[in-house]
Structure formats: structure tokens, C-alpha cells
Amino acid sequence: MKHLLEDLFSERHRLTARRRAMAVLHEVCRNRERLNLFADGAPREMPSILLDVDEDAETVVFDIPPEVEGVQWDRSDPVLAVARYEGVFVGFELDDIETVPWNGTQVLRAALPPRVYYLQRRHYFRVPVATGDVSAVVLVRQGAAAINGRCHDISAGGMRVLVNPVAGDFALRAGERLQELRFQLRGTALQTAARIQHVDQPVQLPNGRSLVPLGLEFCDKSFAFDQAVVLYVQQRDRDLLSGRT
């Protein structure tokens, strides 16, 4: 995700026409597209929804995300917001955030974003993997036993996996850096360092087993690793668009 943010929030992707920028914000709001918020001090992105765009008052209103440790919402420093709109990524900064009442509930209000960014890069999409495309994923931890996992979906920046933690080892936590992540992608052996972005609630399987979903970010990727994953995501995305699962 770090690579996406660096690419998206660059001057070459800024919408220079205010009318176009406002039209995109209104569409994101009207369609209730999911926002991912990125704030300093937060261990991961936080989900929200853009509820209102008021050009006259020069404000936007958005939903308060679930409580996240270390994040204060009444703040003057900016929060980055990213949404998907018509198959592209839309990004903008939220400044001067405050908690206010709105239509009978508490929401967050911020200044109307002065800049809106628009990025059409399909290889950043997260795609579900097809059966047999990705082998068992091995998570090599520092000071703990390696864990085997199953890849659920993948993007150029990371993957989501389901793992069965080793009993007796220290708990998996957001921010933990994995010494190595190994897997085969359509027969090609790949490895890279990784970081746990988030640890979700365990999933109970019909057979009684319990698996823990993890969001992983690829770190220190080699060029060959990056190209292999990007190529797979692009090909898989085309397969899904054409109806091939």
C-alpha cells in the first residue's frame, strides 16, 4: 500500500481542473464508495464513507471509523483518504478534522480537499487467487516457528493469508516484520520480507479448525519478485473481467 500512496499522491496524478475534481468527490459520495483512511499513529488503514460534499461551506463529512488505538480524530494534521471510483484510485487529503453532530449522529468534518488525485493502475488491484495458482505460503518469523498459510488474494503490494498459528508461540501482531515470506506463484518460487499490517478475527471452518486472517505487506521486494506478482495480478484481473474464474 505504501507504494500505491507514493504513486497516487504525486503531482502528475493531480486533477488540475476544479470542476472535474469536485465531480469525482461528488460521485464517490453519491455511490457511497468505501474510503480507506491513513493517519499517522494508526497501525493500519481505517474504513470510512464519504457522506457529504458541501462546496459552499467548503467542507466534507465522513463516517467515524471503528475505534483505533493511538488515533485522535480532532486534529489539524492531514489524513490521507483513498477510494475506488470507476475502476481507478482516487485520493485526497483531509485537513482540520473535527467531530460534529450531523443528521442525528456524530461524524467527522474536514475542510474541502484542495487537491484530488486520480490514478488508473490496474496492477494495484487486489485479486482473488485461482485454485492452484499459489502454493502454501510459508511465514518465517524471528524467534518463533515458521507458519504455513493459504493465500486468499494478492496485489502488487501484499497479500491476505489464512494461517494456523503454532500453539505456544508469541501472538501475531500488526507491525511484526517477517524475516521471509515464501510461496510459489504458478510454479515460480518467490520470496521476500514482509510486514503484518493487520490481524483479523479468527475464521471457523466447517471441519472445526480455526484460521486467522492476516494482511501482509511485501517489503524489500526484488525487481523479479515485483514483476512476477504484477504480471499475475494483471493477467488474473483480465481473467475475472472476461468471466473466467
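Helices (H or I, at least four residues) and strands (E, at least two) are taken as DSSP runs and are numbered from the N terminus. The model is a predicted one, in which local features require pLDDT of at least 70 and side-chain atom pairs count only at pLDDT 80 or more, whereas totals for chains, interfaces and linings use all residues. Residues are numbered from 1 along each chain as its sequence is written, and side-chain values rest on heavy atoms, with hydrogens and water left out.

Helix 2 comprises the 13 residues 18-30, which at 1.5 Å a residue should span 18 Å, the expected span being 1.5 Å times one less than the number of residues; the end C-alpha atoms are 18 Å apart, in agreement with that value. Within helix 2, the residues A21, M22, V24, L25, V28 and C29 are buried, where buried means under 20% relative accessible area, exposed over 50%, and partly exposed in between (1.4 Å probe, protein chains only). Viewed down the axis of helix 2, the buried residues fall within an arc of 155° and therefore line one face of the helix, the arc being that of the directions from the helix axis to the C-beta atoms. An α-helix has 3.6 residues a turn, so residues three or four places apart point the same way. The face of helix 2 turned away from the buried side carries the exposed residues R19 and R30. Just after helix 2, R32 adopts a positive phi of about 50°.

The buried residues of helix 2 pack against strand 1 (34-38), strand 2 (46-54), strand 4 (79-85), strand 5 (88-94) and strand 8 (116-119), contact being defined as heavy atoms within 4.5 Å. Helix 2 lies across these strands and runs at about 120° to strand 2; axes are lines fitted to C-alpha atoms, for helices over the stretch in contact, and angles run from 0 to 180 degrees between N-to-C directions.

Eight strands form an open sheet in the order 6-7-3-2-1-4-5-8, with antiparallel pairing, two strands being regarded as paired if DSSP finds at least two bridges between them. Strand 6 (98-102) and strand 8 stand at the edges with a single partner strand each, so that one side of each is left without a neighbour in the sheet. On average, neighbouring strands of this sheet are turned by 40° against each other, direction ignored. At one end of the stated order, strand 6 is joined to strand 7 (residues 105-111) by five bridges in the antiparallel sense, and W102 stands opposite T105 in strand 7. Strand 7 also contains Q106, which is partly exposed with a relative accessible area of 42%. Not counting residues up to four places away in sequence, Q106 touches I64, T99, V100 and P101, and the C-alpha atoms of Q106 and D63, 43 residues apart along the chain, are separated by 8.2 Å.

Further antiparallel pairing involves strand 13 (177-185) and strand 14 (residues 188-199), which are joined by seven bridges, with F183 standing opposite L190 in strand 14. Strand 13 and strand 14 form a hairpin with two residues between them, and R186 in the turn has a positive phi of about 50°. Strand 14 pairs in turn with strand 16 (residues 210-219), in the antiparallel sense and over six bridges; the bridge partner of I196 in strand 16 is L216. D133 is found in the loop between strand 9 (127-128) and strand 10 and is buried, with a relative accessible area of 11%.

The structure holds 12 salt bridges, each defined as a side-chain nitrogen of Lys or Arg within 4 Å of a carboxyl oxygen of Asp or Glu. One of them is formed by R141 and E176, whose closest N and O atoms are 2.8 Å apart. This pair links distant parts of the chain, 35 residues apart, with R141 in the loop between strand 10 (137-140) and strand 11 (147-154) and E176 in the loop between strand 12 (158-163) and strand 13. R141 is buried at a relative accessible area of 5%, and E176 is likewise buried, at 13%. The side chains of K221 and D226 also meet in a salt bridge (2.8 Å, N to O); K221 is partly exposed at 23% relative accessibility, and D226 counts as partly exposed at 23%. A further salt bridge joins the side chains of R14 and E11 (2.7 Å, N to O), R14 being partly exposed with a relative accessible area of 26%.
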